[in-house]
Amino acid sequence: MISVARILTYIVEYFASLYFTLTLFRLAYNKEIVFKIFAITTVMSCLFYYFSEIANMKPITILFLPMFVIVSCTVVFGTPIFYSFLLGFIFTTVGFITEFAVGILAELLGVTSVMNISSSIFHMTFVQLVTSIILFGLTYLINSRKFGFMFLKRHMQGRTALTPSNFIVGGLLVLTWAAVQINLFFLEKENYSIIHIATFFVILATLLAALFIAYRHNKRILNQRYNNSVGLINNEKSKRYR
């Protein structure tokens with residue numbers, strides 16, 4: 001029961017952080033996008049809980065969150081890799097700063113303390129939920145004021161956006177994350193179960209496969225779109241000269 005509550009808390013907090021980040025760039029503009037955000041944060045929350053609470057892989061969880069957001073944005077939203085890096089950085093920074101500020105304010109008000117937050121699930125959950133409420137409030141303010149950065153959309157169309165380099169860099173990022181964890185496997189063999197190690201490699205392979213499938217899918221769509229556009233242009237030209 002506690003595990004379910006913790007995962008739900010992570011989902012709420014990560015959804016609030018990612019929704020705020022994408023709203024800041026005017027990317028969360030319809031229900032389909034919101035559903036995709038929910039799907040991303042649900043998978044991310046489950047994996048984060050698994051790595052940090054079950055598999056005892058806490059040293060990699062800090063790197064895991066921005067890495068997963070970068071890969072997810074590249075795969076799901078088709079954002080250029082450098083913008084995905086920007087979104088991942090903002091997601092991590094906003095969540096950390098807001099959570100830290102809430103913790104400090106709660107300690108100043110005498111509601112809790114840093115020690116209680118780090119040792120008590122209840123206090124940590126309280127901080128996470130307050131953080132989520134603040135981020136949802138900021139998101140509502142951005143939407144109501146029509147505030148945000150629009151420069152992303154101009155670069156998310158056509159062949160210049162979804163180049164192979166996007167997926168190559170994404171794959172290198174996943175492999176870097178894997179290399180860090182594999183190094184920890186060798187340094188602390190006694191702390192890791194073979195089941196968790198095998199699960200880690202399955203997740204790693206799944207992320208790499210997702211990048212490859214997304215690359216092939218986007219390449220096919222762009223080729224179809226390009227060929228259709230060329231065909232329409234040629235038809236228009238032929239009509240003019242008849």
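**Close-ups of a helical model**

Helix 1, helix 2 (31-54), helix 3 (61-77), helix 4, helix 5 (114-119) and helix 6 (121-145) each put at least two residues into the lining of the largest pocket. Helices here are DSSP runs (H or I, at least four residues), numbered from the N terminus. The model is predicted, so to speak of local features takes a pLDDT of at least 70 and side-chain atom pairs count only at pLDDT 80 or more, while totals for chains, interfaces and linings use all residues. Residues are numbered from 1 along each chain as its sequence is written, and side-chain values use heavy atoms, with hydrogens and water left out.

**View A. The largest pocket has a volume of about 1,000 Å³.** On a 1 Å grid over the protein atoms alone, a pocket is an open set of points where a 1.4 Å probe fits, with protein on both sides within 12 Å along at least five of seven lines; lining residues have an atom within 4 Å of a point. The volume is the space filled by probe spheres set on the points, which are joined across faces, edges and corners. Of the 32 lining residues, Tyr10, Phe48, Glu99, Met124 and Gln128 lie nearest the centre. Helix 4 gives the most, with eight residues.

**View B. Helix 1 (residues 2-24) packs on helix 4 (residues 81-108).** Their axes, lines fitted to C-alpha atoms over the stretch in contact, sit 9 Å apart at about 125 degrees, with angles running from 0 to 180 degrees between N-to-C directions. The two are therefore oblique to each other; under 35 degrees counts as roughly parallel, over 145 as roughly antiparallel, 65 to 115 as roughly perpendicular and the rest as oblique.

**View C. Helix 2 packs against helix 3 at an angle of about 150 degrees, with axes 11 Å apart.** That makes helix 2 roughly antiparallel to helix 3. The contact includes Phe48 and Phe51 of helix 2, plus Phe64 and Phe68 of helix 3.

**View D. Helix 4 and helix 6 cross at roughly 120 degrees, their axes coming within 9 Å.** That makes helix 4 oblique to helix 6. Here Glu99 turns up in helix 4's share of the contact, and helix 6 brings Met124 and Gln128, among others. Remember those names from the pocket: Glu99, Met124 and Gln128 are among the residues nearest its centre.

Terms used: Contact means heavy atoms within 4.5 Å.
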